[in-house]
Amino acid sequence: MLECFKRALGAMLVVMILAAMPCAAQQPPPNAAATEGDFVIQNFHFHSGESLPELRLHYTTLGKPLKDAAGHTTNAVLILHGTGGTGQQFFAPQFAGVLFGPGQLLDASRYFIILPDGIGHGKSSKPSDGLHAHFPQYDYDDMVAAHYRLVNEGLGVNHLRLVMGTSMGCMHSFVWGETYPDFMDALMPLACVPVQIAGRNRIWRKMVMDAIREDPEWKGGDYKEEPKQALRTALDFLLIAGAAPIPMQKALPTRDAADKYLDDYFHARFSALDANDLLYQVNASRNYDPSQQLGKIKAPVMFINSGDDFINPPELGIAEREIKKVQNAKFVLIPASENTHGHGTHTWAEIWKQYLAELLEKSGH
């Protein structure tokens, strides 16, 4: 159990401190084969005024889409990952093993589950493909617009039964609800707040970005070797931002255990990082602020945060205040305990699946 926790803690970086890496290979559930593909958008224009002649969006799907007599897709579920993550992360046992199996809430033999990689992530177009710091400065609106085209044009889905998102995907869920209010039956954002990123949340993100930009080895993004000190600083901040104090204290009860874990964490994960990709991923949140348009959301919303989330501290009361602007919404704060995982609680479905069941029942037709 301790070793599993340590591996989970170490995987935080991959999904913006998801704290959820399983102790076994991530595989789709036995009731549905996974299909991977790429959708290429020609001449995609970003909000920055930049464009790409080809924007590649990678995705994984489970199940098959169904349409009613009027041609509307009835069973599509879009699940959106966090910063630094990919759609593949949702095959972790604590997520897929609780939700996608036979008879479970999102049974992959009944639902068409769409797991995309966002712009700048996974196998979708990103700076490290070759453009480096000359890659367009994408933001969350660009990421949502691209995913809309993937879903609608690439996969032929004209309606979503559910949009669910974790961390960055949580924020994207609110953008989806405002931008395409008639496109989904329900929204389930997990682990975010629907306001501009400010305060401590903005400060630690800016520290990560400044560490990269101010490292002489970054070379304006045209480095030949990764800027080691910048990535060390970034890894340190990412670890703290995603950590949960109760399980961390239990797993690392001595000074020597904590020191060794930190050394192992850095050396094991440095080689998987690209400084430009990380910089772009963190910077994509710069324009996010759905607070003024929350009233546009029509779909029922089940909004969930956890009490030990460093990134979205509950004592600020922001979630409770802002969710009142949404006409058909419920906010749930899961108390911190030995069973929660800090910011990564969003991926441990056993903790909050009852609220998903409530949302699906409430939004059913």
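A residue is called buried under 20% relative accessible area, exposed over 50%, and partly exposed in between, with a 1.4 Å probe and protein chains only. The model is predicted, so local features need pLDDT of at least 70 and side-chain atom pairs count only at pLDDT 80 or more, while totals for chains, interfaces and linings use all residues. Residues are numbered from 1 along each chain as its sequence is written, and side-chain values use heavy atoms, with hydrogens and water left out.

**Exercise 1. Describe the backbone and the accessibility of Asn 43 and Ala 191.**

Step 1. Most residues other than glycine have a negative phi. Asn 43, which is not a glycine, has a positive phi of about 55°. For Ala 191 phi is also positive, near 75°.

Step 2. Asn 43 belongs to strand E1 (residues 34-45); strands are DSSP runs of at least two E residues, helices are runs of at least four H or I residues, and both are numbered from the N terminus. Ala 191 sits in the loop between strand E6 (187-190) and H5.

Step 3. Asn 43 has 44% relative accessibility and therefore counts as partly exposed. Ala 191, with a relative accessible area of 5%, is buried.

**Exercise 2. Find the disulfide and state which parts it ties together.**

Step 1. A disulfide is a pair of cysteine sulfur atoms within 2.5 Å. Searching the whole structure gives 1 disulfide. Its partners are Cys 170 and Cys 192, with sulfur atoms 2.0 Å apart.

Step 2. Cys 170 lies in helix H4 (residues 168-179) and Cys 192 in the loop between E6 and H5, so the pair ties together parts 22 residues apart in sequence.

Step 3. The torsion about the S-S bond is about -60°, so the disulfide is left-handed. Both Cys 170 and Cys 192 are buried.

**Exercise 3. Characterise the packing of H5 with H6.**

Step 1. Two packed helices are described by the angle between their axes and the distance between the axes. Axes are lines fitted to C-alpha atoms, for helices over the stretch in contact, and angles run from 0 to 180 degrees between N-to-C directions. H5 (residues 199-213) and H6 (residues 228-242) pack at about 165°, their axes 8 Å apart.

Step 2. Angles under 35 degrees count as roughly parallel, over 145 as roughly antiparallel, 65 to 115 as roughly perpendicular and the rest as oblique. H5 and H6 are therefore roughly antiparallel.

Step 3. Contact means heavy atoms within 4.5 Å. Among the residues in contact are Trp 204 and Met 207 of H5 and Phe 237 and Leu 238 of H6.
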